[in-house]
Structure formats: C-alpha cells, structure tokens
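Let's take a friendly walk through a protein model. Have the sequence and the 3D view ready as you read.

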Amino acid sequence: MQVIDYRTAKFVMIPQSLAQDKSLTHRDKIVYMTLCLYSDNASKQSHPSAQTIAEVAGIGRNGVFKAFAALEKSGYIRREKRTYKGGKQTTNTYYLLDK
C-alpha cells in the first residue's frame, strides 16, 4: 500500500458546509464532487454531460437530475442552459457557488 502524496496527486475539495449538510443525500454529494472534477478553478464553471456525471458517480441519469435539483435548491450550484447557434442544446454550464 502506498500513501497518497497530496502535493502531486490531483484531488477535489468540497465546502465543509456541503459535507455537513444533512439535507443532502450521498448521491447529491457525489454529484457535486463529480462536478468539481470537471470544474475550472478560476471560473468555478463545469460543463460535463449528465451521462458523464452518471458514469463517474456510478449512479443513473435520473439520480443525477435529482441531485442537480437538490444542489440548486440548497444553493450549492446554479445551472445555465447552453445551446449551439442552431438552437440545439449542448451540455449545461454548472457554477459552483460559495455558500
């Protein structure tokens, strides 16, 4: 077994408020952590597809959408729809909010 060297390993950090929020399920928290994996540290924006989040988090797409709703309601994320020039929807932008 090898000890993780956090100086060289990539990892995500989540707010303590989210970790301790009893209104959120484990599913909600893992979806938030997955958004963190794809987040730009400067802009706090994330653009993964719901399918990608589902695969990485190990949950179904319906669970991802339920988690989005819970995270938005609790003030941890904001979703913004994005579309191509022709009007076809692409992946949403997810903003990780300071709470």
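Tyrosine 38 counts as partly exposed because its relative accessibility is 39%, and partly exposed covers the range between under 20% (buried) and over 50% (exposed). Keep in mind that this is a predicted model. To find tyrosine 38, look in the loop that links helix H2 (26-37) with strand S1 (45-46).

Now turn to helix H2 and its partner. Two packed helices are described by the angle between their axes and by the distance between those axes. H2 packs against helix H4 (residues 61-73) at an angle of about 90°, and their axes are 9 Å apart. H2 is therefore roughly perpendicular to H4.

You can trace the meeting place in the 3D view. On the H2 side are Arg27, Asp28, Val31, Tyr32 and Leu35. They meet H4 residues including Gly63, Val64, Ala67, Phe68 and Leu71.

## The whole protein

Stepping back, you can count 4 helices and 3 strands. Along the sequence they follow the pattern α-α-β-α-α-β-β. The C-alpha trace spans about 50 × 30 × 25 Å along its principal axes.

How much of the protein is buried? Of its 99 residues, 30% are buried. The accessible surface of the protein is about 7000 Å², and carbon and sulfur atoms account for 52% of that.

Key: Residues are numbered from 1 along each chain as its sequence is written. This is a predicted model: local features need pLDDT of at least 70, side-chain atom pairs count only at pLDDT 80 or more; totals for chains, interfaces and linings use all residues. Side-chain values use heavy atoms; hydrogens and water are left out. Helices (H or I, at least four residues) and strands (E, at least two) are DSSP runs, numbered from the N terminus. Buried means under 20% relative accessible area, exposed over 50%, partly exposed in between (1.4 Å probe, protein chains only). Axes are lines fitted to C-alpha atoms, for helices over the stretch in contact, and angles run from 0 to 180 degrees between N-to-C directions. Angles under 35 degrees count as roughly parallel, over 145 as roughly antiparallel, 65 to 115 as roughly perpendicular and the rest as oblique. Contact means heavy atoms within 4.5 Å. Accessible areas come from the Shrake-Rupley method with a 1.4 Å probe; for residues, only the protein chains shown count as cover.
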